[in-house]
Amino acid sequence: MSRAQRWILGGLLVAVAAGVIALAGASPLAGFAALVRGALGGERQISETLVQTTALLFPALAVAFAFRAGLFNIGAEGQLIVGGLFAGVAGSALPGPGFVTIPLILAAGAAGGGAWGAIAGALRARFGGSEVIATLMLNIVAALLANYLVAGPLHPAGVAGAETAPLPVSSWLPVLLPGTRLTIALVIALALAAGLAFVFARTVFGYTLRAAGEAPQAAARAGIDLRRTALVAMSLSGAIAGLGGATLVAGVLHRFNVALSPGYGFIAIAVALVGGLDPVRIVAAAFAFGILQSGSLSMQALAHVPKDAVAFVEGLAIVGLSARRIAASAARAD
Amino acid sequence: MGDAAGFLQLTLVKAAPLIFAALAGVVCERAGILNIALEGGLTVGAFAAVAMSYATGSPLAGVAAGILAGAMLAGLLGIAATRFNVDQIVAGTGLNLLAAGGTAFGVAVIFGAPGASPEVHALGPRGEAILIAVALALAAVLQLGLDRTPWGLRLRACGENPRAVLSAGLDPRRIRIVATLMGGGLAGLGGVFLSLGELDLYSDGMTAGRGFIALAAVIFGRWTPLSACGTAVAFGALSALQFVLQRSGVPSELMQALPYVAALAALTGIAGRARAPAADGVPFDAG
């Protein structure tokens, strides 16, 4: 998509958003103002926006990682949930000082998400099954399975809802700003983005992934094992999303339940595409979508525009952005 | 015996929206458009039907509105896919999000309270039965249409080899758009069944993943209308079984997960090679 087309799309989206706000009976300017004030109006608002930015950044990096390798991971949502489940189960069971338990909880989340991603990767690698269908199905299976486990076999005594027991305070992620929910999860996400940028630009592994995504036939001829790449890429992509789920558990909710994510894994697709699948630009995109997420609530409270208007515009943005040619379409041919 | 009849009836009620959505998926995919926004189609269909019935008091007008809404949503996909060669998977994901957000927004704005609509004039038991019969009949009609008519041949050709369609002097993009509109209308009708057939209101999230179950039925039914319909009925029976087994201790989440797991299993080829149309989801570039 050219620069001019991006501006046209952006303008169209703003116009649609204005129209939607007007439909709700508010003045578009007042709606936008409420949104911006709710997202950036003070230290508390900005920190909450950064919490949402972080929550979106992990699955967006996961999506980008897989897309760059030519794999449509539509399953970040499910991988995030399974990662959160693993983290919640580990975190509520593990006693001990945070410097021991927190790394273990995060590792459990990455392992859970990675395993969930690996299922789709294995189906693709072993049977040539579409990872799109697999991840779509796995999203729903993840939510059902996680809910079953925390409501049934893993349900802790003395907890009312379908969720794990709370994590001990020592296992909570350290906060960056006292009195807010902003934790070191943001630092981890930013470091991950930088790390992925390096991997893609400077390492043989990153080159292999990009080659498999952009020119699968040439890559295969050059000796790259496409099946193995598919399995590895889907597993790592799932691990990134699962890590995000773990940071939500250890940093925001301090327990696991399936309401963990209001669809971060789907909005993440928009974030990844707005960021052009480039880890550094994805950080900026995640901040922009973080503003939308956290501002939508104040738009609802102050301007009486239902917060779902944001999801509508985000969906439209994804449709618009799908015009970007993604290498994975070419990868179908293998 | 009364129990068996009751079970069959419940099966058909649970299957009907799945049949509509699965047929929608078959029509789109056989024409070469991978429509993963069946869930969105059901959602907008269910919502528009209730909104129209609320506004006019006529459930029949609601049916028309539901079909139209489904067709419009899919039309976005069709135009994006044929005129802008977008990635259909990404676009479909966006449409699902758009449908969920747009309807939740619409519920809050039109009915004044978020979450659900009030009860509206619905189709009633007779209307429900008619829609079930329509779903089953459509499966047979589409099977014949795809297999035996020039329209079906052209549509299938678009899904396998659009260039050949162009060589024959036809416009594959046009055929694809029409197929997508048709599919969208079918998905919308599935949504109508949910909100005005089975129930008499709309509530957020009421489609509950049925669009994805339908996608599973398409794959399991190997992209043919009758098999997809049969799979949808089987999934409907599973769903009906949940009500029967409710108090037997079988976890309902695991029962609900079965259709999705079946779709995953189909990807391994254990049910025979599941082969999608060759040009399914592949943009057609005339240049």
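Predicted model: local features only at pLDDT ≥ 70, side-chain atom pairs only at ≥ 80, totals over all residues.
Biologist: Is B:Arg222 buried, exposed or partly exposed?
Modeller: Residues are numbered from 1 along each chain as its sequence is written, with chains lettered from A and ligands numbered from 1 in the order written. Buried takes 20 or more other C-beta atoms within 10 Å of a residue's own, exposed 12 or fewer, partly exposed in between, with C-beta placed from the backbone. B:Arg222 has 17 such atoms, so it is partly exposed.

Biologist: What is the phi of B:Arg222?
Modeller: Most residues other than glycine have a negative phi. B:Arg222 sits in the loop between α9 (210–220) and α10 (225–244) of chain B. Its phi is positive although it is not a glycine, at about 50°.

Biologist: Where is A:Leu277?
Modeller: A:Leu277 is a residue other than glycine with a positive phi, near 60°. It counts as buried because it has 22 C-beta neighbours inside 10 Å. Its place is the loop between α11 and α12 (279–303) of chain A.

Biologist: How many helices does chain A have?
Modeller: Helices are DSSP runs of H or I with at least four residues, strands are runs of E with at least two, and both are numbered from the N terminus. Chain A has 0 strands. Its helix count is 14.

Biologist: How many residues of α4(A) are buried?
Modeller: Helix α4 of chain A covers residues 76–93 and reaches 25 Å from first C-alpha to last. That is close to the expected 26 Å, taken as 1.5 Å times one less than the number of residues. The helix is mostly covered, and its buried count is 17 of 18.

Biologist: Which element gives the largest share of the side of chain A that touches chain B?
Modeller: Contact means C-beta atoms, placed from the backbone, within 7 Å. By that rule, 40 residues of chain A contact 40 of chain B. Elements giving two or more residues to chain A's side include α1 (3–23) and α5 (98–127). The largest share, 11 residues, comes from α6(A).

Biologist: Over which residues of chain A does pLDDT stay under 50?
Modeller: Chain A has a mean pLDDT of 91, and 96% of its residues reach 70 or more. The stretch under 50 has 19 contacts beyond four places in sequence. It spans residues 327–334.

Methods
Contact = placed C-beta atoms within 7 Å. pLDDT = per-residue confidence, 0-100.
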